[in-house]
Amino acid sequence: MNKLLTKERGRKMFLLGNEAIVRGAIEAGLAFGATYPGTPSSEISANLFEISQESDLYFEYSTNEKVALEVAAAAANSGVRSMAIMKHVGLNVAADALMTLAYVGVKAGMVVLSADDPFMFSSQNEQDNRYYGKLSGLPVLEPSTIEEAKEMIKYAFDLSEKLQEPVLFRTTTRINHSTGIVTLGDIAPPKTSGDFTKDPFNYVTVPAVSRNLHIKLLKHWDEARSIAEGSPYNFIEACPGNSLAGGKGPYGIICNGVSYGYVRDAVKDLDIEGKVRILRIGFSNPMPGALIKDFLKGCEKVLVAEEGEPYMEEAVKAFAQEAGLTLPITGKGEEEFSRLFEFDPAGVRKVIARYFNVPYEPVAVPDLSDVPEVPSRPPNLCAGCSHRATFYIVKQAAEGMDTIFPTDIGCYTLGVLPPLSMADFLICMGSSVSTSCGFSKVTKKKVISFIGDSTFFHSGIPGLINAVFNNHNFTLFILDNGTTAMTGHQPNPGVDTSLLNLTGYGRVSIEDMVRAAGVKEVTVIQPYKVKKSIEAVKKALEFQGVSVVISKEMCTLYAKGLKLQSKRRYQVGSKCKNHRDCINLLACPAFYLSEGRVQIDAAQCTGCSVCAQICPENAITPIKD
Amino acid sequence: MNTTRLVIVAVGGQGNLLASSVLGEAALLSDISVRMSEIHGMAQRGGVVESAMLFGDARSYVISDGEADVLVGFEPSETLRALKKCNRNTIVITNLHPLPPFTVAIGKGVYPDLDELQATIRAKAAGLVAIDAVKLARQAGNELSVNMVLLGALIRTGKLPIKAETVKEAIRSRSKQAFVESNISAFDLGYGAAQ
Ligand code: SF4
């Protein structure tokens, strides 16, 4: 049984933020979930998926975030508590649905979880999704701790039901991927089936209906604001030892999310607890204006500590203006907080000390200028990864061509690193295909793009249909490794679910899909067969118009997990003349140099045999057992 | 209660996440407040994995440069790279068994000399415990128990407010049944080696 289904109320567990969120949702009686996987939210989905196989919960991996949101919205409008889970940029994909879902609203509680990623540990941007609350008019909740995240999810469902609107639950990586002690509560029995009552003049968003719905949304927004004013998640706190508790503290700090922890620690470390009052905002859209004005009135000077954009700062300044207050308020600035990246305790301490003029001696970081440079350890495609083989094949087949390589989001994005260097342009999921259309139209270069199987289903298909319709000229590689590898091997519509012992799923053939889109030149290669693939790819590259090459080989890490990896291992024999083509062209991490000679680490080798096929001396051979 | 800040660095696949969850469990059993954050890389192998653990009253989940009380490195060059987390009072524990990054394997970087590496760490921090954890793990009967060896060494320093017995209890509850015995003996060997 998944540990998050434990019934023991009051039991303490050391849980990952994402696990605490799942537990909170289960305690709230979540009955229906949908997602497209994306770090840092992935463990939420992984756990819900597992739980769905052991309980009445319905959970699905949808083809993209927009689909996930719509699937969940229908459930919520049929009276079933639902959740849609995605990373921050996923909400861009789902935004079209979100904006008008806000007009329509929900019947049962619906939570839309957006996992933001300040510092971009695993993302292409660090957008601040609190603005989606403002844009859509929906409430936003943001936890500061793991324990709070669990409780807040329950609050989010209740709030959603009360307002009849979906609620945005915004986390950051440091909540999703931190671990803390959580106390379990009771699990509410989920209501798993519902009914839909027809009401087209409230559900079908033609202009005449939507005009009324917008009026309704603004009413809900007003209601949300008054709830935010009294919400237990927005609170003014005098630090322990503050004799001015509830009264006037000269220094005010307004904070949210993980910044709250940094602020509390800093105030203690700087020994200014007696002078500081803190306003913690956990319900951040609509902002609680009356509470903020009240707080400001008790302060001489206020600092707003928030990662990302000056979202609260701007609101706080506007409220001060309304209240006729002229005290100094600051947040983002050269001398204060940055809009870039994530905060850390020392950085927050420094800004607080400077702003409030508190003496502060930072910890002496050792002088490391004399320490020899440590060799870097960049991420690399796994040993034996089929993407490496495909990149090599394309490189050989395209030799002499002037090329552009638009790429997409997945493990294969690592093809950007030398020596492969097979990535020239990337903006978001699916962009490889559509940008190929534009590049091939305005340049004379040969455009060759790469997209993974899951990303193709997510948002590659419209670009491909566009290419056929508008008669563009490029070659698209669909790297079909049978799983959604980068985020942890989740299934996607092309996956053979029987390998995972899952039943009741359909399966979509990428090849059929591509042909049905009208692509005339479709080639399927097996990238571990190098020579044959190079010949086939050469032909595809010559084609005028849209050609698609489907490179089919299972992700080797996934294969290992399923015990389907080749058992064969390779070694470098005496015929090796030390050209090092293998290392220089493939850069497989199974290679190493020993006394100037290339060797293969048998523990890392996966038996793909690609290096054996490209060695000009045939020096790489299987180990006989 | 004061806060103790621990940074653990490792190479993906070395089992530092199990080590940190054992410590978390042990803290829970000892009724000590604990927070941890880790950077999960992508699915690919071989990158650096870093966890930060704060025991005691702190409310932050991360540790700033220069603010670790203890640094445990599962791989010597990674220990050296993480030295920026330390200050003059930091105790450092490192495995001495190198796992050279691929950049070194292909001649695009030089792996640091192990003696110099230890001398550097000794010069910058308050103390260094350096052990060949792979050797001890093999001795314990499971090469993959490097993480438990290093946990043993860590607990022996007395820097964490957690007792060896409690950690062993957590090891028993968190390890797969087949590995309990070798993990405990790896812990003991690490504990013994760190005196
Ligand atoms: S996880 Fe799979 S797809 Fe990703 S790098 Fe490793 S082998 Fe390649």
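Eight strands line up in an open sheet with mixed pairing, in the order E1(A)-E8(A)-E2(B)-E3(B)-E1(B)-E4(B)-E5(B)-E6(B). Its edges are strand E1 (12–16) of chain A and strand E6 (127–131) of chain B, each pairing on one side only. Keep in mind that this is a predicted model, where local features need pLDDT of at least 70, side-chain atom pairs count only at pLDDT 80 or more, and totals for chains, interfaces and linings use all residues. Residues are numbered from 1 along each chain as its sequence is written, and chains are lettered from A in the order in which they are written.

**Inside the sheet**
- Strands here are DSSP runs of E with at least two residues, and helices are runs of H or I with at least four; two strands pair if DSSP finds at least two bridges between them.
- Strands E1 (residues 4–11) and E3 (residues 48–55) of chain B pair in the antiparallel sense over eight bridges.
- Arg5(B), for one, has Leu54(B) as its bridge partner in E3(B).

**Around the ligand**
- The ligand sits between chains A and B.
- Of the 11 residues around the ligand (a heavy atom within 4 Å), Cys382(A), Cys385(A), Cys411(A), Asn481(A) and Cys555(A) come nearest.

**Helix H8 of chain B**
- Helix H8 (residues 180–193) of chain B has 14 residues and reaches 20 Å from its first C-alpha to its last.

Definitions and conventions: Side-chain values use heavy atoms; hydrogens and water are left out. The expected span of a helix is 1.5 Å times one less than its number of residues.
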